[in-house]
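Hi,

Here's the structure I promised to send over. Have a look at it first, then read on for my notes.

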Amino acid sequence: MAIRYDADDQGGYEAECRGCDVFTSVDDVCLCADCAAKLDRDMIRQRAWEYSMTAFGVPAERYEELREATISKYGADLELIAPENPRPTTRRARRRRGRR
């Protein structure tokens, strides 16, 4: 993976984005601007306030208001992070053949 530093990009560099696999300008965690915004919204949805750049400038008493505004604008589903509990698979009960 080739990494090029771009002085005009304010500390970023070009590499493959870990979210969308596009070779573009990325931040310090190797996410492009679109994927970084998705990650920030996912942090807000999960109430991980200490990891969200948007929640950093919001008073603690307005966190839930920020979360509701994010959900109303972008939906409640996670965009970049995989859900913790994937859908449970339904398994059919195995029938055991007994010897007769």
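Which cysteine sulfur is closest to the sulfur of Cys17, and how far away is it? Bear in mind that this is a predicted model. The closest one belongs to Cys20, and the two sulfurs sit 3.6 Å apart, which is too far for a bond. A disulfide would need the pair to be within 2.5 Å.

Now the helices. Two packed helices are described by the angle between their axes and the distance between the axes. Here, the pair to look at is H1, residues 33-45, and H3, residues 63-74. Their axes come within 9 Å and cross at roughly 125°, which makes H1 oblique to H3. The crossing of H1 past H3 is left-handed.

If you want to find the contact on screen, pick out Arg41, Ile44 and Arg45 on the H1 side. On the H3 side, go for Leu66, Arg67, Thr70, Ile71 and Tyr74. Sorted by class, this contact has four nonpolar residues, three charged ones and one polar one.

Cheers

Conventions
Residues are numbered from 1 along each chain as its sequence is written. This is a predicted model: local features need pLDDT of at least 70, side-chain atom pairs count only at pLDDT 80 or more; totals for chains, interfaces and linings use all residues. Side-chain values use heavy atoms; hydrogens and water are left out. Axes are lines fitted to C-alpha atoms, for helices over the stretch in contact, and angles run from 0 to 180 degrees between N-to-C directions. Helices (H or I, at least four residues) and strands (E, at least two) are DSSP runs, numbered from the N terminus. Angles under 35 degrees count as roughly parallel, over 145 as roughly antiparallel, 65 to 115 as roughly perpendicular and the rest as oblique. A crossing is left-handed if the near helix is turned anticlockwise from the far one by less than a right angle, and right-handed if clockwise. Contact means heavy atoms within 4.5 Å. Ala, Val, Leu, Ile, Met, Phe, Trp, Tyr, Cys and Pro count as nonpolar, Asp, Glu, Lys and Arg as charged, and the others, Gly among them, as polar.
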